[in-house]
Amino acid sequence: MIRAHDGALTVSEIKGKTHHGEMTIDQIAEIQPGMATLMKETGDRFTQAYYAAKGGNWKLAAHHLNQIRAAFRAAKTTRPKYAEDLSAYDKDYLLPIFEAVHNQNWSEFEIAFRRGEEGSDVYHDKRGYSHIKYVLPKEPPSNLYLGPPENFKRDGTAR
Ligand code: HEM
């Protein structure tokens, strides 16, 4: 910890500079992503993981699930009051989806995924967000190739 003695700067006086201006550490902390941003990311990645697994691109499904974990890690730091719930969701709902991806097993994936949807309702209800319900979009909203990577051709036929 930096102490204000001998003219040293206190932490809140330390500033980061860009060519646009200066920010204190507190201001930098204040603008880190909270639940609205990280949950949007979570919902989008959840959808992308579903369609990647359905298309047979298991590595891409794993990538999206890993990004949900990254969003959860960020949320635990910026909004620590949710840390316990996020760890529990990871263990009870995300892990079985990861296992299905590891096994490349679509029917196992779909069961675990549907449980994961219900799990999001459980935590939204618990936290007073009963009006927020994740629903899977009918079409894959992806600009990434969803089939097995070895089938990909960059000749305009890939969909
Ligand atoms: C422990 C698990 C979870 C907790 C504690 C949690 C908590 C929250 C909270 C507090 C919000 C409101 C954010 C705000 O606007 O301030 C929110 C929104 C949201 N959550 Fe979750 N959530 C969890 C899991 C999930 C999962 C697994 C999904 C996806 C399947 C999901 C999808 C969403 C979506 C789409 C929103 C709305 C984001 C937006 O567009 O504003 N959540 N969640």
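In this predicted model, helix α4 passes helix α5 in a left-handed crossing. The two helices, spanning residues 83–103 for α4 and residues 106–126 for α5, pack at an angle of about 165°, and their axes are 8 Å apart. Since angles over 145 degrees count as roughly antiparallel, α4 and α5 are therefore roughly antiparallel to each other. On the α4 side, the contact is made by Asp85, Tyr89, Asp92, Tyr93, Leu94, Pro96, Ile97, Ala100, Val101 and Asn103. Facing them, α5 contributes Glu108, Phe109, Ala112, Phe113, Arg115, Gly116, Gly119 and Tyr123. By residue class, this contact of α4 with α5 comprises eleven nonpolar, three polar and four charged residues.

The axes of α2 and helix α3 (residues 58–78) come within 8 Å of each other and cross at roughly 165°. It follows from this angle that α2 and α3 are roughly antiparallel to each other. Here, too, the crossing is left-handed, with α2 passing α3. From α2, the contact draws on Met35, Leu38, Glu41, Thr42, Arg45, Phe46, Gln48, Ala49, Ala52 and Ala53. The partners on α3 are Trp58, Leu60, Ala61, His64, Leu65, Gln67, Ile68, Ala71, Ala74 and Ala75. The residues of the contact of α2 with α3 split into 14 nonpolar, four polar and two charged.

Attention now turns to the ligand. There are 18 residues around the ligand, of which Ala36, Met39, Gly43, Tyr89 and Ser120 come nearest. Three helices, α2 (35–55), α4 and α5, each supply at least two residues of the shell. The largest share, seven residues, comes from α2. In composition, the shell around the ligand holds eleven nonpolar, four polar and three charged residues.

At the level of the whole chain, two domains are assigned: domain 1 covers 1–31 and domain 2 covers 35–151. Their C-alpha centres lie 36 Å apart.

Methods. Residues are numbered from 1 along each chain as its sequence is written. This is a predicted model: local features need pLDDT of at least 70, side-chain atom pairs count only at pLDDT 80 or more; totals for chains, interfaces and linings use all residues. Axes are lines fitted to C-alpha atoms, for helices over the stretch in contact, and angles run from 0 to 180 degrees between N-to-C directions. Helices (H or I, at least four residues) and strands (E, at least two) are DSSP runs, numbered from the N terminus. Angles under 35 degrees count as roughly parallel, over 145 as roughly antiparallel, 65 to 115 as roughly perpendicular and the rest as oblique. A crossing is left-handed if the near helix is turned anticlockwise from the far one by less than a right angle, and right-handed if clockwise. Two residues are in contact if their C-beta atoms, placed from the backbone, lie within 7 Å. Ala, Val, Leu, Ile, Met, Phe, Trp, Tyr, Cys and Pro count as nonpolar, Asp, Glu, Lys and Arg as charged, and the others, Gly among them, as polar. A residue is near a molecule or strand if its C-beta atom, placed from the backbone, lies within 6 Å of it. Domain bounds come from an automatic or database domain assignment.
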